Amino acid sequence: MTPNAIKRIGIISRPRRADLAAVLPALLRWLKERGIEARFDEESASSLEGAAASQALPRETIAQSSDLLLVLGGDGTLLAAARVAAARGIPILPVNLGSLGFLTSFTAADLYPALEDALSGRCSISERAMLSAELHRGGRVIDKRNVLNEAVVNKGALARMIELELRIDADFVCRYRVDGLIVATPTGSTAYSLSAGGPIVHPSVQSIIITPICPHTLSDRPIIVADTSQVEAVLLGESESVFLTLDGQKGILMQSGDQVRLARAQEKLKLIQPPRKSYFEILRSKLKWGEA
């Protein structure tokens with residue numbers, strides 16, 4: 001990012017966070033003093049008072065007119081922002097106001113130094129691969145969107161074990177009897193896939209991770225394939241209460257015979273990273289490696 005390239009910053013926040021009210025007014029003053037126009041969403045506006053609270057814009061509008069998106073919240077907030085940022089190719093600066101946050105790797109104390117680095121062109125940007133997820137039913141595309149972390153086929157709380165057929169590049173792989181199936185990017189390898197026993201994959205590894213959730217057959221293990229692969233999962237049998245969940249943001253009720261098709265998306269997310277923290281340092285911190 002070149003110096004002076006940032007004239008407008010869009011702010012996307014997690015709603016109803018008490019500490020947002022302590023951060024945002026001072027942040028808006030800081031940006032104004034430096035001649036940076038700030039635009040913010042309705043969630044951010046909920047922490048403001050007076051005329052400023054009425055200046056909220058839809059997130060899509062913010063992304064279309066900003067040079068950088070500042071995300072204040074946790075990983076869920078970033079995943080929501082990723083959908084609008086990746087399509088325009090604008091970078092995201094993620095500041096963690098949550099509890100864990102693998103993706104929101106800047107802390108609140110890092111906010112102003114990180115902004116100074118971004119405005120001066122000193123920031124480091126990591127390009128993260130995304131997946132294009134399509135739900136097909138009866139020869140039609142029912143839903144389509146890009147995901148940064150994962151697409152998950154999973155049963156409802158009271159549903160029985162589901163049966164899925166997995167194909168990679170049209171080749172039959174296996175039939176699963178499982179609680180669900182996770183198809184993740186390397187970025188998403190530290191999210192739901194990790195909790196289901198999947199591997200941690202460095203973001204630079206061009207791959208797709210396929211992780212079964214509680215498989216009936218214990219030999220059904222996670223698979224890593226090249227991100228040039230086309231992955232297809234077909235829901236078999238008369239299954240009830242089965243959902244396709246995309247980045248934890250949207251759930252779609254599935255029917256028997258539905259096909260979920262996943263492939264590397266054309267867009268990539270540009271994620272600003274702390275310049276003095278390596279990926280492994282972030283892992284050690286978040287996963288508490290080496291601590292008693």
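These legends go with close-up views of salt bridges, aromatic pairs, a pocket and cavities in a predicted model.

Residues are numbered from 1 along each chain as its sequence is written, and side-chain values use heavy atoms, leaving out hydrogens and water. Because the model is predicted, local features need pLDDT of at least 70 and side-chain atom pairs count only at pLDDT 80 or more, while totals for chains, interfaces and linings use all residues.

**View 1. Arg39 and Glu37 form a salt bridge.**
Side chains of opposite charge can pair when their charged atoms come close. A salt bridge here is a side-chain nitrogen of Lys or Arg within 4 Å of a carboxyl oxygen of Asp or Glu. The whole structure has 16 salt bridges. In this one, the N to O distance is 3.0 Å. Arg39 is partly exposed, at 21% relative accessible area. Glu37 is partly exposed too, with a value of 35%. (Buried means under 20% relative accessible area, exposed over 50%, and partly exposed in between, with a 1.4 Å probe and protein chains only.)

**View 2. Arg175 and Glu163 meet in a salt bridge.**
Their side chains come to 3.8 Å, N to O. Arg175 lies in strand β9 (residues 171-178) and Glu163 in strand β8 (residues 162-168), so the pair ties together parts 12 residues apart in sequence. (Helices, H or I and at least four residues, and strands, E and at least two, are DSSP runs numbered from the N terminus.) Glu163 is partly exposed, with a relative accessible area of 29%. The pair also belongs to a network of salt bridges that links Glu163, Glu165, Arg167 and Arg175.

**View 3. A salt bridge joins Arg261 and Glu232.**
The N to O distance is 3.2 Å. This pair links distant parts of the chain, 29 residues apart. Arg261 sits in strand β16 (residues 259-273), and Glu232 sits in strand β13 (residues 231-236). Glu232 counts as buried, at 19%.

**View 4. Trp30 and Tyr112 make a tilted aromatic pair.**
Rings of Phe, Tyr and Trp (its six-membered ring) pair if their centres lie within 6.5 Å; planes under 30 degrees apart count as stacked, over 60 as edge-to-face and the rest as tilted. By this rule there are two aromatic pairs. The ring centres of Trp30 and Tyr112 are 5.2 Å apart and their planes stand at 50 degrees, so this pair is tilted. Trp30 is in helix α1 (residues 20-33) and Tyr112 in helix α5 (residues 111-120), so the pair ties together parts 82 residues apart in sequence. Trp30 is buried, at 12% relative accessible area. Tyr112 is partly exposed, at 28%.

**View 5. Tyr279 and Phe280 pair edge-to-face.**
Their ring centres lie 5.6 Å apart, with planes at 75 degrees. Tyr279 counts as buried, at 18% relative accessibility. Phe280 counts as partly exposed, at 47%.

**View 6. The second largest pocket holds about 220 Å³ of space.**
Its lining has 13 residues. Arg160, Met161, Glu238, Ser239 and Glu240 are the closest to its centre. By class, the lining has six nonpolar, three polar and four charged residues. (Ala, Val, Leu, Ile, Met, Phe, Trp, Tyr, Cys and Pro count as nonpolar, Asp, Glu, Lys and Arg as charged, and the others, Gly among them, as polar.) A pocket is an open set of points on a 1 Å grid over the protein atoms alone, with protein on both sides within 12 Å along at least five of seven lines; lining residues have an atom within 4 Å of a point.

**View 7. The largest cavity holds about 120 Å³ of space.**
A cavity is a set of grid points where a 1.4 Å probe fits but cannot get out. The structure holds two cavities of 30 Å³ or more. Of the 13 residues lining the largest cavity, the closest to its centre are Phe102, Leu103, Arg128, Thr190 and Tyr279. Helix α7 (279-287) and strand β16 each give two or more residues to the lining. α7 gives the most, with three. The lining has eight nonpolar, four polar and one charged residues.

**View 8. The second largest cavity holds about 40 Å³ of space.**
Its lining includes Ala129, Met130, Leu131, Asp227 and Arg264. β5 (124-137) and β11 (207-213) each supply at least two lining residues. β5 gives the most, with three.

Conventions:
Points joined across faces, edges and corners; volume = space filled by probe spheres on them.
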